[in-house]
Amino acid sequence: MKVPFLDLKKSYLEIESKVEEKILSSVKSGRYIGGEEVEQFENKFSKFCRSNYCVSTGNGLDALFLGLKSLEIGKGDEVIVSSHTFIASWLAIFRTGAKIVPIDSEYDSFNIDVEKIENKITKKTKAIMPVHMYGQPCEMRKIKKIAKQNNLKIIEDAAQAHGASYRGNPVGSIGDLTAWSFYPAKNLGAFGDAGAITTNSKRLYRKIKSLSSYGSLKKYENEIPGFNSRMDPLQASVLSLKIKNLKSENLKRKKIAEIYLNELDNSKFILPVSNDSSEHAWHLFCVRHKKRNKILDYLKSKSIESIIHYPIPPHLQKAFEGLNFKKNSFPVTENISKTVFSLPLNPNLTMDQVHYVVKNLNSSL
Ligand SMILES: *Cc1c(COP(=O)(O)O)cnc(C)c1O
């Protein structure tokens, strides 16, 4: 039996006729930037997150970057961020010129270790960027408390957390700003690059909208030097269709995650721990083991595709050599990157495939 990590073509075929109709009507409309399709998706997505506003962007990295810019973060400022994350979280901060201040992860949740945040706050700290890794929300209650006490803004990286919620509040309506990616492999994915920011602040909404479109809210009147980062109507029309299935797809993810949690041998592997106070979006199901490479080879021999998220943490990437982080500066994150591997988990898997993964992983080694 073959178990691909992800099968985006299969997802497409399930909605083929509807999606083709949508794409055709979008192309035939003669409107290729902005317009009704984009507004409709922004409205749908902000409703989905129970936040007041949504601005769509060209991708998730831009959403994070424009969010930071709207908070007027730049050179001389410091931003606190998870050390265990996809590199885009760090790149967004780097692009503003602000200093990246990483915090090590919590062993169980893979998320930012909130107990370590306060030590790193200085007069220059402007914001905290929690990343909801693999779909599980960070400890937002504590993060909000710290932010309030120190007058910091919160910009969440929710690129892996579509549909997750924390203490009953959907991700997207918790911090000052929440950045999203609709990269095809995410829980809600477009047919290309796309992203968004959600917020409850009208002021930040207007600012990000302006920043994403040349610093202009009114054509040919530019109030600030802005950028060009917009979602095209084609992607918006696809996302408007796909968002209808997001809840039920997340439920399927949850069901698969529960099978893995119940049936994988937890005396052998370190299984992910999900927090009682939150609803996990199960973007990824990450297992840890010291002999990861052996296990991956075995799974491969059984035609089970597994991927590592992520093998090199941002602070040890060549791209950030100039920041001079040493090995062992974030031991938990480094331990995760050496031991973690992600099992296939997506709404297209059959129960036979899920049980095949369980059986083979349990008998590996
Ligand atoms: C995917 C991802 C991003 C970046 O999104 P793009 O749309 O690919 O730019 C940012 N942060 C995290 C945690 C991600 O997983």
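## Around the ligand

The ligand's surroundings are formed by Asn59, Gly60, Leu61, Thr85, Phe86, Ala88, Val131, Asp157, Ala159, Gln160, Ser181 and Lys186, where a residue counts as near if one of its heavy atoms lies within 4 Å. This is a predicted model, in which local features need pLDDT of at least 70 and side-chain atom pairs count only at pLDDT 80 or more, while totals for chains, interfaces and linings use all residues. Residues are numbered from 1 along each chain as its sequence is written, and side-chain values use heavy atoms, with hydrogens and water left out.

Which residue has a polar side-chain atom 2.7 Å from a nitrogen atom of the ligand? That residue is Asp157. On the oxygen side, a polar side-chain atom of Gln160 is 2.9 Å from a ligand oxygen atom, and a polar backbone atom of Leu61 also lies 2.9 Å from an oxygen atom of the ligand. (A polar contact is a pair of N or O atoms within 3.5 Å.)

## Two domains

Let's step back to the whole chain. Its domain assignment, which is automatic or from a database, gives domain 1 (9–244) and domain 2 (245–362). Their centres, taken over C-alpha atoms, are 23 Å apart. Across the boundary, 44 residues of domain 1 are in contact with 38 residues of domain 2, contact meaning heavy atoms within 4.5 Å.

Methods:
Polar contact = N/O pair within 3.5 Å; in protein donor to acceptor, adjacent residues only side chain to side chain.
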